Structure formats: structure tokens, C-alpha cells
Amino acid sequence: MSHILVTGGAGFIGANFVIDWLRQEGAAGIVNVDKLTYAGNRKSLAALEGDVRHVFLQADICDTAAVTALLEAYRPRAVLHFAAESHVDRSIVSPGDFVQTNVVGTFRLLETVLEYWQALDAPARAAFRFLHVSTDEVFGSLAPADPPFTEVSRYLPNSPYSASKAASDHMVRAYHHTYGLPVLTTNCSNNYGPLQFPEKLIPLMITNAMVGKPLPVYGDGLHVRDWLYVGDHCAALREVLASGQPGATYNIGGLNEKTNLEVVQALCDLLDEVSPKTAGSYRNQITFVKDRPGHDRRYAVDAGKLARELGWKPSETFESGLRKTVQWYMQNAEWVQDVLSGNYRNWVGKQYVA
Ligand code: NAD
Ligand code: TYD
């Protein structure tokens, strides 16, 4: 039992996790289950084509038979659950998709994994882990002087996205409490880095800036997020998987609160340095637009428990992480172009035409 099974491993954080995991010395193989929604991109995993340690299956986590077959075939020692609908703006327009994947999908996955886990022998049952990857957004919105979210903060989700993630967290907790499934839950702040779909703030701003489009800042731009480089999130997940206490939850954060306007201005300044325009600054492209309904004002995460108990802290500063991210988007124009044109959706078909 050495494989791990990952759901949603063709998405932003899942793909970074898979790639980083397989870079480790002697890494166990990965079985990757992803439905390939608009947010899933096989091209993000192109470097792993032909690598026998990575097995990819296009399937929905709601498809109990498909997931059961994979569990039986590969006998994983852990499941890391990334698959989700993840964009708040889409959740406002189509909340049903969020209920279906984040709530029903997590429930179906728990059912399937529970049945597999219960049939394992005692040592394998004890060693097994189900790591549920969740968000700080389940805790709602902070006032300016509030302390950051801890693991015991109240759940006060405000968007259909965060409400659906909160429901999934509760279901995961219940499967531990009721059936003894050895679960771990992480609640992480906003991630950024390579391979992020350009609907989220940072990649949207980079890709718009590069083609001269407006940089749309919602409302007054003073909403605060706590930004974490995706590689640091993946490192935290490896720590939690290796040494977390079953049944426990861990907050993961960047110790890095910024207003959206500060983030966008920092990006513009970086682009002015690495890819200057013939005239003027990228800051001139910043445009204030109508606010998001119900827009949470501030998120901030206290990641002290993870630091104290598992010794994790972020290794990137916001400056170093942002620089790496901008460089990645500039050096991967083809990935960006494929995503913007929609071509990434047929990549596998095109790639494997004889
Ligand atoms: P993403 O939207 O980039 O990727 C989600 C992936 O899940 C896609 O590959 C998609 O195809 C897949 N998927 C969606 N529905 C599926 C289904 N029914 N069955 C199988 N696969 C399905 O999301 P992300 O930003 O990589 O986020 C990953 C996880 O981390 C999510 O659970 C999210 O809630 C959580 N999270 C994200 C952030 C962030 O800043 N992006 C922060 C904290 C937590
Ligand atoms: P986003 O990346 O969608 O993450 P989340 O809503 O999960 O925090 O947005 C981050 C912040 O940036 C959020 O406060 C909304 C804001 N935002 C904009 O101002 N303009 C945009 O075009 C987008 C996508 C987000």
C-alpha cells in the first residue's frame, strides 16, 4: 500500500501538489481522479506524461463505481481530496454546481472511501488517512481589528462556495466522529502561483496586464486576503499527511495580509520592471468595477498550530512568490493561450492523435 489517491489533481493546487510530490526522493505513486471541468487541465500535468508513477483517470468523485475500482486496483494508503468547484463568483451565478460537487461529491467520496477503509486489515486501517483540503472562507469575514482565524473560530460562511465547503468540512468531521475514519482537514488562505486558472485575482491580473486589458478591481479594492504561495501550501499538506492527528483540523496561511489594491499594484510594479511597456505603467490599466455581492471584507489565518505542532512555516515571501508567479506566466505563454482560447479542453485529444 504505497500509492496515494488525489482527487482534483488537474486543477491548480492539485496539479502543483502532484508535481511537487513526485519530485520527492522515493515518492509513492499517485492515482489522480479528476472530472476535468473547465478548471481541470491535463496540460498542467504534461511533464508527467509517460511517468509510470502517475496514473490519471477522468472521473467524477460522485461516480462511486469508478472510485471504488481505483481504490481496489491501487490500494492507496491515503486519499487527498482537492476536487471542488472553487470560484466564488461562479458560485454566485451557479450555486447548484457547488452543492453537487462540494457537498454531494464529498459525501459520495466519503462513502466510497469508508467502505474501502473498513475492509482493510488493522495495521492498514490505522495507517490510512483521508485529507480534506478546505478553505479559510468557511470562517466568514473579519472586521479590521479582529484576530486571525484559528482552528476553533466559528463557521460563518457567506458565499455559496464557502457554505458548500463548510458543509463538506462538517461531513468529513462526522465520518471521523461516527465511523472512526482517520480524517485530517486543512483550512487554507488564498493561494497563488503557477498553473492557476486566470479567473482568480492574481493570474487574471497578470494575463490581462500582458495583453493591455483593464485590471478590474472590485469595489474600493480594500478587501483583505492572506496570500500563500501554492508550493508552501503543498508542503504544509505533506506535513499534515505525514504527522497530523486524525480528527484534527489545521489552519494554513501565508502570514501575509494585503488589500486587493496592494496586490494589483505590486503586480503592476513587478511587470513594469520585468516587461516594461513602451509608455506608462501597468498601473494605468487598473479599473474599479462593481463589487461582488456579499463580498467578504477580510480573511486572515493564524497558522500557529501548524508551526508549533508540525514545524511548518511558509518558505516564500509575498515578493519572492509573486516574482516566481509572474515569471511562470511570462514563460508559459502557450499554457496561458490554450486556457484563454479554450484549446486546453481538447489537449489530450490533440496530443494523442496518431
Ligand atoms: P481548481 O478549481 O483549480 O481545481 C479543481 C479541480 O477539481 C479541477 O481539476 C476540476 O476538474 C476538479 N473537479 C471539479 N469537480 C469535480 C468532480 N465532481 N469530480 C472530480 N473532479 C472534479 O481549484 P483549486 O484552486 O486547485 O482548489 C483545490 C482545493 O483547494 C479546493 O477544494 C478548494 O476549495 C481548496 N482551496 C483553494 C484555495 C485557493 O486559493 N485556490 C485556497 C484554500 C483552499
Ligand atoms: P479570488 O481570487 O476570486 O479569491 P476569493 O474570492 O476566493 O478570495 O478573489 C480574491 C480577491 O480579489 C477577492 O477579494 C475578490 C477580488 N477580485 C477583484 O477585485 N477583481 C477580480 O477580477 C477578481 C477575480 C477578484
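A crossing of two helices is called right-handed if the near helix is turned clockwise from the far one by less than a right angle, and left-handed if it is turned anticlockwise. Keep that in mind, as one pair of helices below needs it. The model you are looking at is predicted. Let us visit its two ligands, and then the helix pair.

**Ligand 1: the surroundings**

- Around ligand 1 you can find 28 residues, and the closest are Ile13, Asp34, Ser86, Tyr161 and Lys165.
- Sorted by class, this shell holds 13 nonpolar, 11 polar and 4 charged residues.

**Ligand 1: polar contacts and cover**

- Lysine 35 takes part through its backbone, where a polar atom is 3.0 Å from a nitrogen atom of ligand 1.
- Aspartate 60 uses its side chain instead, with a polar atom 3.0 Å from a nitrogen atom of the ligand.
- Lysine 165 also reaches ligand 1 with its side chain, placing a polar atom 2.6 Å from an oxygen atom.
- On its own, ligand 1 has 830 Å² of accessible area, and the protein covers 97% of it.
- Two or more residues of the shell come from each of α1 (12-23), β5 (129-135) and α6 (160-179).
- Strand β5 gives the largest share of that shell, 3 residues.

**Ligand 2: the surroundings**

- Ligand 2 is surrounded by 17 residues, the closest being Glu137, Pro216, Arg225, Arg292 and His295.
- Its shell divides into 7 nonpolar, 5 polar and 5 charged residues.

**Ligand 2: polar contacts and cover**

- Proline 216 contributes a backbone N or O atom, which lies 2.7 Å from a nitrogen atom of ligand 2.
- Arginine 225 has a polar side-chain atom 2.8 Å from an oxygen atom of this ligand.
- Arginine 292 likewise points to an oxygen atom of ligand 2, with a polar side-chain atom 2.5 Å away.
- The protein covers 96% of the 510 Å² of accessible area that ligand 2 has on its own.
- At least two residues of the shell come from each of α7 and β8 (215-218), and β8 gives the largest share, 3 residues.

**The helix pair α7 and α9**

- Two packed helices are described by the angle between their axes and the distance between the axes.
- Helix α7 (residues 201-210) and helix α9 (residues 260-274) have axes that come within 10 Å and cross at roughly 40°.
- Angles from 65 to 115 degrees count as roughly perpendicular and those under 35 as roughly parallel, so α7 and α9 are oblique to each other.
- Now back to the opening definition: the crossing of α7 and α9 is right-handed.

Note on methods. Residues numbered from 1 in each chain as written. Chains lettered and ligands numbered in written order. Predicted model: local features only at pLDDT ≥ 70, side-chain atom pairs only at ≥ 80, totals over all residues. Heavy atoms only, no water. Near = heavy atom within 4 Å. Polar contact = N/O pair within 3.5 Å; in protein donor to acceptor, adjacent residues only side chain to side chain. Areas by Shrake-Rupley, 256 points an atom, 1.4 Å probe, with all protein chains shown as cover. Helix = DSSP H or I, 4+ residues; strand = E, 2+ residues; numbered from the N terminus. Nonpolar A, V, L, I, M, F, W, Y, C, P; charged D, E, K, R; others polar. Axes fitted to C-alpha atoms, helices over the stretch in contact; angles between N-to-C directions. Parallel < 35°, antiparallel > 145°, perpendicular 65-115°, else oblique.
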